Amino acid sequence: MCRQIQKRTIPHKSVAKTLWLFVTLCHVVPLIGTFIAFGMLPWWRPTIVSIVAMLVMWTLALGVGITVGYHRLFSHRAFQTFSPVRVFIAICGSMAGQGPLIAWVSLHRCHHQYSDVDGDPHSPWPNGASLREKLSALWHSHFGWVLCYDMPDPLHYCPDLIKDRAVSRASRLFLVWYLAGLIAPAIVVGLINLSWYSALEGFLWAGCVRVAVSSQVTWCVNSICHFFGLHTHDTGDHSTNLAWLAVPSFGESWHNNHHAYPTSAMFGLRWWQIDLGYRLIRCLEILGLAWNVQLPKFKDKEA
């Protein structure tokens, strides 16, 4: 299945030359490294240092960079912060390997404009009645769209970010920040343990495994959170809430809540809905680094 966005797009041919590089470096290389890391587990288990490095990079790249930055700050303007903080968050997001900031935001704003209808770049809807058709739709929404979409036009979807020179420059340097996110933990782990083997271990676990697995988490929000789960709010689409994905995604899997209140910095609307992304924003707010934090004006009374 390969669907094309019908409006406000850059023709696929104009991005095809760079698509192979992005897919290879950000998806194929981390996936190969992940297979190597897990394949070597019986003989070569990661040290505590490598595991801590992976968790720290996971928090910086997926939590601070993607959840807080790419999504809530840049895509939905759920809060405001200083320009240096915006650039730092953009750099962290680049280390997640999910593409340049402006391209990511263009796709996400397009997704909200056409959620689960024609024009949505990564929706599992509509799908056929057979199991094969449903699985094909899920594959498209999970990763297949990466290989065959027309990129939404940033001039239409992100004029605010394009005008921000510091953020725009950080977005253009995506590949530099991404590679730094792979190399930096390898250097740190190698220096702590004073070993080349430890450096390779840091690259595999805090670099490759972290990118490959965290990407799957984000893609699950695109696919599974539009197919399975609880649909608490009437949002006019198929977005759902999935509790079991909340912790690794930093609250992104409260996806139906998000579609109900897209400009809110808070996705977990109940006390039991763990939303680590909002907690990070609250920390910034307490430190005086975030303000005008948007919250839902009305909370649905349904459980």
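Phe-174 counts as buried because its relative accessibility is 6%; buried means under 20% relative accessible area, exposed over 50%, partly exposed in between (1.4 Å probe, protein chains only). The model is predicted: local features need pLDDT of at least 70, side-chain atom pairs count only at pLDDT 80 or more, and totals for chains, interfaces and linings use all residues. Residues are numbered from 1 along each chain as its sequence is written, and side-chain values use heavy atoms, leaving out hydrogens and water.

**Helix 9**

- Helix 9 covers residues 174-193; helices are DSSP runs (H or I, at least four residues), numbered from the N terminus.
- Its 20 residues should span 28 Å at 1.5 Å a residue, and the end C-alpha atoms agree at 29 Å apart. The expected span is 1.5 Å times one less than the number of residues.
- A kink of about 25° lies at Gly-181, shortly before Pro-185. The bend is the angle between axes fitted to the seven residues ending there and the seven starting there.
- Buried residues of helix 9 include Gly-181, Leu-182 and Pro-185.
- Leu-194 follows helix 9, with a positive phi near 50°.

**Aromatic pairs**

- The whole structure holds nine aromatic pairs. Rings of Phe, Tyr and Trp (its six-membered ring) pair if their centres lie within 6.5 Å; planes under 30 degrees apart count as stacked, over 60 as edge-to-face and the rest as tilted.
- Tyr-70 and Trp-104 are edge-to-face, because their centres are 5.5 Å apart and their planes at 65°.
- This pair links helix 2 to helix 4, 34 residues apart.
- Phe-174 and Tyr-178 are stacked, with centres 6.0 Å apart and planes at 15°.

Definitions and conventions: Helices (H or I, at least four residues) and strands (E, at least two) are DSSP runs, numbered from the N terminus.
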